[in-house]
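Subject: Structure for your review

Dear colleague,

Please find below the structure that I am handing over to you. My notes on what was found in it follow.

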Amino acid sequence: MATHEKTESQENRLKVLYQDADYIAIDKPAGLLVHRSPLDRLATEFAVQMLRDQVGQPVNPCHRLDRPTSGVLLFALNTEATRAAQLAFAEHHAIKTYHAVVRGWLEGCGEIDYDLRSEENPNKVQTAVTQYRSLKQSSVAVPVGRYSSARTSLVELQPKTGRTHQLRRHMAHLRHPILGDTRHGDGAQNQFLRSHCGQQMLLLRAVRLQIPHPMTGEQLDIHANKDPAFEYALQRLELA
């Protein structure tokens, strides 16, 4: 019994990517809320509480990741580090890099400068800028909707602003919605993802975070490890 409990405890631990006296970064699993939210009152697990219990001290999230998005999530371990991180994000000194799988063939690179209406306050319109770079395209010989094959692209995304669901909404605006996005995505593509890959997950992953360290001034460069579920989807979609 004791061995079983130890294994279960280890499985519930969050994967730490970086830690020092000021910051700790984890690889947030898809489906985990960062903190309590009125959007899901039934949720019982939150990254803030789990990490606090894991390291034995209070932690403060420095930025957000949507519940279905996985990858690098940074926490501060003291007030000074929290303020420094907030300033770095506010002044655009922090660089967040994501990988996403989108519908269709998106080639080249570019910048999406498209204002978004606030999801919290529909009367407020906010500037929103995202840079993108195509990494790979594929075509799987499976009919999807009115198309004879499923065309997808693996893209790198860097948000220059931090609006709610910005990457998901910007890619939908380009008519290249992210696969697995049940709110802003394509229903036929999401059904294809479920049937072809055997999973329903948002194919959006925070793979890298670069941010100045508040004490040394050196640039932290934190990378996420490969995620088995995300990598399996890439293989099935011939994007690996």
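**Helix H3 and its surroundings**

The buried residues of H3 pack against strand S2 (23-28), strand S3 (60-61), strand S4 (70-76), strand S5 (95-103) and strand S11 (204-212). Helices (H or I, at least four residues) and strands (E, at least two) are DSSP runs, numbered from the N terminus. Contact means heavy atoms within 4.5 Å. Buried stands for under 20% relative accessible area and exposed for over 50%, with partly exposed in between (1.4 Å probe, protein chains only).

This is a predicted model, in which local features need pLDDT of at least 70 and side-chain atom pairs count only at pLDDT 80 or more, while totals for chains, interfaces and linings use all residues. Residues are numbered from 1 along each chain as its sequence is written, and side-chain values use heavy atoms, with hydrogens and water left out.

The residues of H3 that are buried are Ala81, Thr82, Ala85, Ala88 and Phe89. Seen down the axis of H3, these buried residues fall within an arc of 130 degrees, so they line one face of the helix; the arc is that of the directions from the helix axis to the C-beta atoms. An α-helix has 3.6 residues a turn, so residues three or four places apart point the same way. Thr79, Arg83 and Ala90, on the other side of H3, are exposed.

The length of H3 (residues 79-90) also agrees with expectation: at 1.5 Å a residue its 12 residues should span 16 Å, and its end C-alpha atoms are 16 Å apart. The expected span is 1.5 Å times one less than the number of residues. At the start of H3, the backbone nitrogen of Glu80 has a side-chain oxygen of Asn78 within 3.3 Å, a polar contact (a pair of N or O atoms within 3.5 Å; within protein, one must be able to donate a hydrogen and the other to accept it, and residues adjacent in sequence count only if both atoms are side-chain atoms).

**Positive phi angles**

Most residues other than glycine have a negative phi. His92, although not a glycine, has a positive phi of about 60 degrees. His92 lies in the loop between H3 and S5 and counts as exposed, at 52% relative accessibility. Arg175 likewise is not a glycine and has a positive phi of about 65 degrees. Arg175 is placed in the loop between helix H4 (166-173) and helix H5 (187-197), and is exposed, with a relative accessible area of 64%.

Phe75 lies in strand S4 and is buried, with a relative accessible area of 0%. Beyond its neighbours within four places in sequence, Phe75 is in contact with residues including Ala47, Val48 and Leu51.

**The chain as a whole**

The protein chain has 6 helices and 12 strands. Of its 240 residues, 46% count as buried. A compact globule with 240 residues would have a radius of gyration near 18 Å, and the protein chain agrees at 19 Å; the radius is taken over C-alpha atoms, and the globule rule is 2.2 Å times the number of residues to the power 0.38.

Yours sincerely
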